[in-house]
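Subject: Structure for your review

Dear colleague,

Please find the structure below, handed over for your own work.

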Protein chains: 2
Amino acid sequence: MANQALFADFYEFTMLRAYFELKLTQTATFSLYVRKLPKPRNFLLACGLSDLLDDIEALRFGEEEIERLRSQGEFGEPFLQWLRGFRFRGDIVAMREGTPFFDEEPILEVTASLPEAQLIETLVLNQIGSQTIFASKAARVVAAAKGRPVSDFGARRAQGIDAAIRGARAFFIAGVTSTSNVASGLIYGLPLEGTMAHSFIEACDTERAAFENFLEIFPHATLLVDTYDTLAGVENVIAVAKSKGAGLALRAIRLDSGDLAALSRRARRMLDDAGLSHVAIVASGGLDERAIERLLEDGAPIDAFGVGSDMAVSADAPTLDIAYKLTEYAGEPRMKLSSGKRSLPGQKQVFRQFEDGVAVRDIIALRGENVEGQALLRPVMLAGRRVESEKVSLVQSRNYAGESTAALPEECRGLSASSSRYPVAISRKLAQLEEETRGRLLHR
Amino acid sequence: MANQALFADFYEFTMLRAYFELKLTQTATFSLYVRKLPKPRNFLLACGLSDLLDDIEALRFGEEEIERLRSQGEFGEPFLQWLRGFRFRGDIVAMREGTPFFDEEPILEVTASLPEAQLIETLVLNQIGSQTIFASKAARVVAAAKGRPVSDFGARRAQGIDAAIRGARAFFIAGVTSTSNVASGLIYGLPLEGTMAHSFIEACDTERAAFENFLEIFPHATLLVDTYDTLAGVENVIAVAKSKGAGLALRAIRLDSGDLAALSRRARRMLDDAGLSHVAIVASGGLDERAIERLLEDGAPIDAFGVGSDMAVSADAPTLDIAYKLTEYAGEPRMKLSSGKRSLPGQKQVFRQFEDGVAVRDIIALRGENVEGQALLRPVMLAGRRVESEKVSLVQSRNYAGESTAALPEECRGLSASSSRYPVAISRKLAQLEEETRGRLLHR
């Protein structure tokens with residue numbers, strides 16, 4: 001795990017120097033929330049916490065970081081000396097990975113000395129923001145596939161290496177079955193999946209020879225059939241399966257272009273007629289949740305999907321209006337009043353209320369309040385150390401995501417924009433604190 | 001620079017094992033190109049080459065990588081032993097970073113033994129793809145700003161850490177002036193820029209005290225004025241500038257919310273009336289090239305822009321239909337025939353032709369062909385080593401991007417979709433080779 005001490009915006013360091021010189025080092029609380037859900041999302045799925053907490057625990061300024069900062073010319077030795085001793089020693093509460101959440105709900109709150117809480121701003125926003133974007137998109141793809149396995153093929157189209165590696169992790173939490181991404185699979189222990197590329201077929205003398213060669217080495221392979229002509233490719237698969245007695249082990253064929261609904265129907269019939277009913281059909285190539293929904297509505301006999309670009313970058317909602325804002329300093333509530341960008345003061349908690357097992361509303365309240373419902377923010381770091389009991393496996397996070405998404409109202413879970421927003425209320429005490437704080441800020 | 005040997009799709013490794021066992025190790029050429037430009041782009045800007053070449057030079061399988069692969073269970077010892085000796089020893093030609101390019105044009109071609117050329121597929125697509133997405137978006141933002149400085153504020157909204165760090169680099173090549181991203185700035189030597197956050201203002205007793213405190217430490221600061229009320233914030237700036245005699249050094253104010261056109265006009269008048277005409281106005285907050293264009297058309301007196309989310313993820317075109325395809329193996333041209341996904345066979349070159357200094361058409365030709373115009377693909381790696389004379393500074397790439405973009409036809413450079421596509425033709429010899437190859441593949 002790399003040291004991310006320098007992964008910060010320059011203003012964190014100028015502010016840190018100012019906090020250091022002005023002795024503004026009392027306890028601060030910052031709140032992380034999404035101001036407004038992207039239009040094509042009825043809910044978001046919180047993700048990225050575990051990696052973030054590891055990075056925060058490991059944060060320090062070694063010789064390399066200090067030297068780089070010194071070279072920048074803006075920071076004197078007393079400040080750099082102070083950075084050498086810098087550790088994050090604060091507390092963090094957060095929603096579990098895999099928790100669905102909504103507009104303005106704090107998904108994480110940091111309470112630490114002001115410089116510590118400030119320095120991690122960019123890292124928190126970037127890491128929770130991006131993994132939440134990825135998981136929230138993947139949840140839709142998984143829903144569209146209606147129980148059929150979805151494999152992440154996005155490594156090549158992701159926006160950089162970190163996005164690809166952490167993306168595969170987030171997709172898995174959201175219910176994706178496997179990934180093609182070797183680095184991510186081996187780091188996180190995710191199921192790896194791979195078929196073959198067109199280049200393999202093209203490098204062999206004929207498509208049929210390519211299939212024969214590949215099956216000798218990988219008898220359970222998935223064969224890619226669209227390099228030259230999809231249906232001729234299926235015929236080649238059948239011929240090889242029969243001649244080599246390889247049919248029994250053969251797992252699947254993959255369609256990667258053309259009219260996937262029509263081709264899958266034709267291929268299914270050809271395979272069935274050849275006694276290869278156990279051979280599955282995998283579809284890939286420019287798929288997203290809408291395309292998958294249409295294919296299945298159309299009755300396409302597709303057994304599994306490989307999804308790349310659109311899921312890899314969350315193409316219809318590639319960014320989140322996510323903010324990390326000071327809400328308390330030195331025991332006093334704080335907030336912005338900027339137009340259209342309000343922030344809720346104080347240390348908060350989110351309560352989810354259920355009726356007959358279905359989530360019916362969330363209440364954003366002050367942390368000490370006694371409100372009915374499930375408290376979604378849990379202590380995950382105390383005095384700079386991760387809380388052991390909150391370290392969960394990816395499979396546990398994945399199961400939790402599945403259960404808590406299933407508990408959302410039906411209109412939330414659909415792919416289309418829900419006509420009614422999921423109800424999120426603010427507790428009377430929080431509303432009162434907001435009013436008081438606003439008044440105090442306007443009249444001083 | 002990390003070792004990216006495992007940043008590959010699983011099928012690269014299954015294919016590599018098959019190539020190894022089948023002795024398919026003759027020389028292959030793969031071509032990298034974008035099938036079709038995203039609708040909102042009239043051109044793309046090639047970017048990411050230098051980092052990619054460093055990664056390829058450094059690629060090897062050490063004990064850690066071998067152990068991880070072994071644990072996966074699919075690979076035997078002879079293959080793993082062979083991977084230990086794996087190096088990329090091939091040749092690469094590529095367009096210079098900062099070269100504008102169009103649909104189907106090869107921007108990079110790899111010629112190496114088949115396994116070497118295959119293994120780097122995912123890395124090449126991911127790295128050139130993402131930096132090209134970033135640079136192509138930033139070129140539009142820079143064009144919209146019409147010479148005013150643009151600062152990258154996107155680290156917090158980028159899709160992961162790699163995207164943020166390499167993004168800042170790509171933005172700089174495309175003409176962005178500075179970045180807020182400390183890690184990227186220090187790694188690549190980019191100009192760093194930072195102002196202050198709302199949290200700093202909120203942590204101080206009053207906004208005015210915050211400005212005073214900050215200016216004592218950073219006399220040339222840019223002060224953020226919208227925490228509570230933008231125009232009251234400007235009044236506080238003026239009061240502090242006068243009372244403290246700090247006005248002369250003060251560099252700028254930053255508007256981050258509200259009606260930026262109206263607020264900038266009011267703020268400009270207030271500053272001018274107070275004798276602070278030298279204090280610049282920086283605008284940020286949800287900006288993209290369209291918003292900047294509208295602000296300037298509206299006559300907003302804004303001197304510089306900070307751009308985050310939309311540039312950070314290239315929100316209107318977050319993905320590219322980029323492909324890396326085998327085009328020659330063992331001296332014989334190869335291609336796919338998949339519907340809608342043709343690939344051009346052979347080793348190629350792209351020639352750009354100019355009239356009166358304006359680019360008028362590109363010709364995709366075979367590499368040996370004698371075609372008029374500027375040859376855009378240059379040898380950048382030979383036998384696995386970077387070509388020294390092709391190592392250029394970021395400033396050189398930035399200048400080259402500026403010059404070659406300025407040489408595009410005017411309709412290409414505008415923000416709106418050009419009514420006529422930039423002309424890209426295929427040479428007669430390449431068309432002939434495509435025809436022959438297709439015929440050979442269909443009739444065998």
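**Helix packing in chain A**

The crossing in which α11(A) passes α12(A) is right-handed. Please bear in mind throughout that this is a predicted model. In chain A, helix α11 covers residues 230-243 and helix α12 covers residues 260-273; their axes lie 10 Å apart, and the packing angle is about 20 degrees. This makes α11(A) roughly parallel to α12(A), since angles under 35 degrees are counted in that class.

Which residues make the contact? On the α11(A) side they are Thr230(A), Leu231(A), Val234(A), Glu235(A) and Ile238(A), and they meet Leu263(A), Arg266(A), Ala267(A), Met270(A) and Leu271(A) of α12(A). Sorted by class, the residues of this contact comprise seven nonpolar, one polar and two charged.

**The corresponding helices in chain B**

In chain B, helix α11 (residues 230-243) and helix α12 (residues 260-273) have axes that come within 10 Å and cross at roughly 20 degrees. The helices α11(B) and α12(B) are therefore roughly parallel to each other, and their crossing is right-handed. From α11(B), the residues Thr230(B), Leu231(B), Val234(B), Glu235(B) and Ile238(B) meet Leu263(B), Arg266(B), Ala267(B), Met270(B) and Leu271(B) of α12(B). This contact of α11(B) with α12(B) divides into seven nonpolar residues, one polar and two charged.

**How the two chains are arranged**

Chain A is superposed on chain B by a rotation of 180 degrees, with 0.0 Å of shift along the axis and an RMSD of 0.0 Å. The two copies are thus related as by a two-fold rotation axis. Which residue of chain A comes closest to the rotation axis? It is Asp162(A), whose C-alpha is at 2.7 Å.

As for the interface, 100% of the interface residues of chain A are also interface residues in chain B, so the copies meet through the same surface.

**Annotation from the record**

For chain A, an unreviewed UniProt entry lists residues 6-128 as "domain: Nicotinate phosphoribosyltransferase N-terminal". Over residues 6-128 of chain A, the chain is 45% helix and 18% strand.

Yours sincerely,

A colleague

Key
Residues are numbered from 1 along each chain as its sequence is written. Chains are lettered from A and ligands numbered from 1 in the order in which they are written. This is a predicted model: local features need pLDDT of at least 70, side-chain atom pairs count only at pLDDT 80 or more; totals for chains, interfaces and linings use all residues. Side-chain values use heavy atoms; hydrogens and water are left out. UniProt positions are given in the numbering used here, feature names are shortened, and annotations may be inferred rather than shown by experiment. Helices (H or I, at least four residues) and strands (E, at least two) are DSSP runs, numbered from the N terminus. Copies are superposed by least squares on the C-alpha atoms of residues with pLDDT of at least 70 in both. Contact means heavy atoms within 4.5 Å. Axes are lines fitted to C-alpha atoms, for helices over the stretch in contact, and angles run from 0 to 180 degrees between N-to-C directions. Angles under 35 degrees count as roughly parallel, over 145 as roughly antiparallel, 65 to 115 as roughly perpendicular and the rest as oblique. A crossing is left-handed if the near helix is turned anticlockwise from the far one by less than a right angle, and right-handed if clockwise. Ala, Val, Leu, Ile, Met, Phe, Trp, Tyr, Cys and Pro count as nonpolar, Asp, Glu, Lys and Arg as charged, and the others, Gly among them, as polar.
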